[in-house]
Amino acid sequence: LSKTGLKAYWRFDESSGDIINQATSVGSTDSLGSDADIQITGATYSQTGKIATALSFDGINDYGVIGTSTSQFNFLHSTTAKWTICFWLKLVASSRGTFDRIFNTTVASGTAGINIYLNDLSSTQKMGFVIHNSTSGQGVCDWVSTANDYIPDDTTTWHFYSLTYDQSLGSNNFKIKRDNDNLEQQTKTSNSPVNTNSTYVMHLNRLPSGSGNFPANLIDDFSVWNRVLTDDEISTLYNAGTGKTVDTANLWQEI
């Protein structure tokens with residue numbers, strides 16, 4: 001799997017302290033380095049993960065803050081945005097609030113950045129994603145899964161999510177898969193993205209402003225890229241967590 005464009009990769013195998021961005025150690029020259037380490041508050045370490053160990057977030061007050069800069073993740077909402085985000089997720093509690101944030105630098109329209117969230121609205125189990133620019137009321141891409149069970153409502157199964165975005169495409173700019181299948185996609189709006197800084201630094205499992213709901217989940221092997229991975233590359237990441245034949249020792253070697 002080519003490391004080109006790998007900005008951040010968190011394994012969640014630490015037993016305490018910050019979650020270290022592994023992208024540098026696997027040889028990516030594009031890495032955000034220690035600027036993308038995650039400062040953890042409250043989460044429980046060394047839980048059984050999908051691959052090795054994971055962190056568990058209680059849904060009450062556990063979260064992470066990624067770096068200190070509002071500019072480091074601007075490539076996710078810029079005028080030339082092309083990226084991939086992949087992670088493994090398992091619910092800790094089946095019931096949750098509306099708009100439980102997973103990974104985000106924005107809170108609402110009028111703020112710049114991205115927002116990946118869980119949505120338990122009227123008992124439907126959905127995932128949502130939005131790119132906001134800095135103009136009030138304008139979303140560049142605004143998607144909520146059409147499948148009510150896109151986040152399967154159980155606490156026993158890990159699921160793999162891959163999200164890709166390509167601003168340059170004429171349609172289907174945003175694509176998401178669950179377990180390397182269950183494809184949904186969304187065409188960007190007519191609103192324009194911006195190259196300005198994100199409104200907040202990146203947060204994990206919390207609204208950056210400090211309010212709102214906290215997801216109750218486990219997270220494992222989370223990666224962020226500033227390019228669109230191919231279907232084969234996404235399959236490689238998925239297969240690495242399913243026991244299928246993958247050379248995990250050389251997973252991050254250049255191809």
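Reply: Start with one cut-off: a residue is buried when its relative accessible area is under 20%, exposed when that area is over 50%, and partly exposed in between. Keep in mind that this is a predicted model.

A search of the whole structure finds three salt bridges. Take them one by one.

Begin with K177 and D231. Their side chains meet in a salt bridge, at 3.7 Å from N to O. K177 sits in strand β12, which covers residues 174–178. D231 belongs to helix α1, residues 231–239. Now apply the cut-off. K177 has 19% relative accessibility, and therefore counts as buried, because buried means under 20%.

Next comes R227 with E233. Here the closest N and O atoms are 3.0 Å apart, and the two residues form a salt bridge. Check each partner. R227 has 17% relative accessibility, so R227 is buried. E233 has 8%, so E233 is buried as well.

Last, look at R11 and D13. A salt bridge joins their side chains, with 3.2 Å between N and O. R11 has a relative accessible area of 34%, so R11 is partly exposed. D13 has 29%, which means D13 is partly exposed too.

Notes:
Residues numbered from 1 in each chain as written. Predicted model: local features only at pLDDT ≥ 70, side-chain atom pairs only at ≥ 80, totals over all residues. Heavy atoms only, no water. Salt bridge = Lys/Arg side-chain N within 4 Å of Asp/Glu carboxyl O. Buried < 20%, exposed > 50% of the residue type's maximum accessible area, 1.4 Å probe, protein only. Helix = DSSP H or I, 4+ residues; strand = E, 2+ residues; numbered from the N terminus.
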